Amino acid sequence: MTDAVPVFPSDLPASVRSALAKHASKPGALLPILHDVQDALGYIPADAVPLIAKGLNLSRAEVHGVIKYYHHFRSEPAGRIVVQVCRAESCQACGADALMGHAEKALDCKSHQTRADGAYTLEPVYCLGMCALSPAIMVGDQLHARMTPEKFDSVVASLRAPT
Ligand code: FES
């Protein structure tokens, strides 16, 4: 017996419709749907929440709660360059707090925020899988290990924030 493939109205935004069509009939569909929408749009727009909730027969509050619970999901568009500083245990033990403070100053941007000119978004993350090389950061899709404030400045200097 095969699972029926759900059909969604064509007026749903394409990224949400596509994610629902791909995952809605599977158990635990919400997280992969949220990942797909964020991968497609860069964030999960507020307008997507009721569509996803309806598609999965969940309440808006349930969908919203999952988006808020996981730091990975964004409700607003990110800056042109996303800088993530690991704040999990190993990195914490190796100076992640001071590194985040340094990053805030160097980027002129608070943690969890996007700089006013849209150049950078600075985010905490909770393990980048580089614990043996702590502290770690990710800039765009590039991992950087054994980070120091000096190395951070060098990485930032090598970036050309597109305007
Ligand atoms: S704790 Fe930072 S990479 Fe794992």
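Is Leu31 buried, exposed or partly exposed? I looked it up: Leu31 has 31% relative accessibility, so it counts as partly exposed. My cut-offs are under 20% relative accessible area for buried, over 50% for exposed, and partly exposed in between, with a 1.4 Å probe and protein chains only.

Before going on, I noted the ground rules. The model is predicted, so I take local features only at pLDDT of at least 70 and side-chain atom pairs only at pLDDT 80 or more, while totals for chains, interfaces and linings use all residues. Residues are numbered from 1 along each chain as its sequence is written, and side-chain values use heavy atoms, with hydrogens and water left out.

**Entry: domains**

I found the protein chain divided into domain 1 (14-69) and domain 2 (81-158). These bounds come from an automatic or database domain assignment. Taken over C-alpha atoms, the centres of domain 1 and domain 2 are 28 Å apart.

**Entry: His23 and its helix**

I placed His23 in helix H1. Helices are DSSP runs of H or I with at least four residues, strands are E runs of at least two, and both are numbered from the N terminus. His23 has a relative accessible area of 10%, so it is buried. Setting aside neighbours within four places in sequence, I listed Ala29, Pro32, Ile33 and Asp36 as its contacts. Contact here means heavy atoms within 4.5 Å.

**Entry: cores**

Which residues have the most contacts inside the largest nonpolar core? They are Ile33, Leu34, Ile52, Leu56 and Val63, in a core of 18 residues. Helix H1 (14-23), H2, helix H3 (48-56) and helix H4 (60-69) each give two or more residues to this core. H3 provides the largest share, five residues. For a nonpolar core I take buried Ala, Val, Leu, Ile, Met, Phe, Trp, Tyr and Cys residues joined through side-chain atoms within 4.5 Å.

I then checked Val63. Not counting residues up to four places away in sequence, Val63 touches Leu30, Leu34, Val49, Ile52, Ala53 and Leu58. I also noted a second, separate core of 17 residues, with Ala103, Ala119, Tyr120 and Leu122 among them.

**Entry: salt bridges**

Side chains of opposite charge can pair when their charged atoms come close. My rule asks for a side-chain nitrogen of Lys or Arg within 4 Å of a carboxyl oxygen of Asp or Glu. By this rule I count four salt bridges.

One of them joins the side chains of Asp36 and Lys22 at 3.4 Å, N to O. Asp36 lies in helix H2 and Lys22 in helix H1, so the pair ties together parts 14 residues apart in sequence. Asp36 is partly exposed at 21% relative accessibility. Lys22 is partly exposed too, at 47%.

Arg74 and Glu123 form another, at 2.8 Å, N to O. This pair links distant parts of the chain, 49 residues apart: Arg74 is in the loop between H4 and E1, and Glu123 is in strand E3 (residues 120-125). Both residues are buried. For Arg74 I read 16% relative accessibility. Leaving aside neighbours within four places in sequence, Arg74 is in contact with Gln38, Gly42, Tyr43, Ile44, Val82 and Glu123.

I also found Asp117 and Arg115 meeting in a salt bridge at 2.9 Å, N to O. Asp117 is partly exposed, with a relative accessible area of 43%. Arg115 is partly exposed as well, at 23%.
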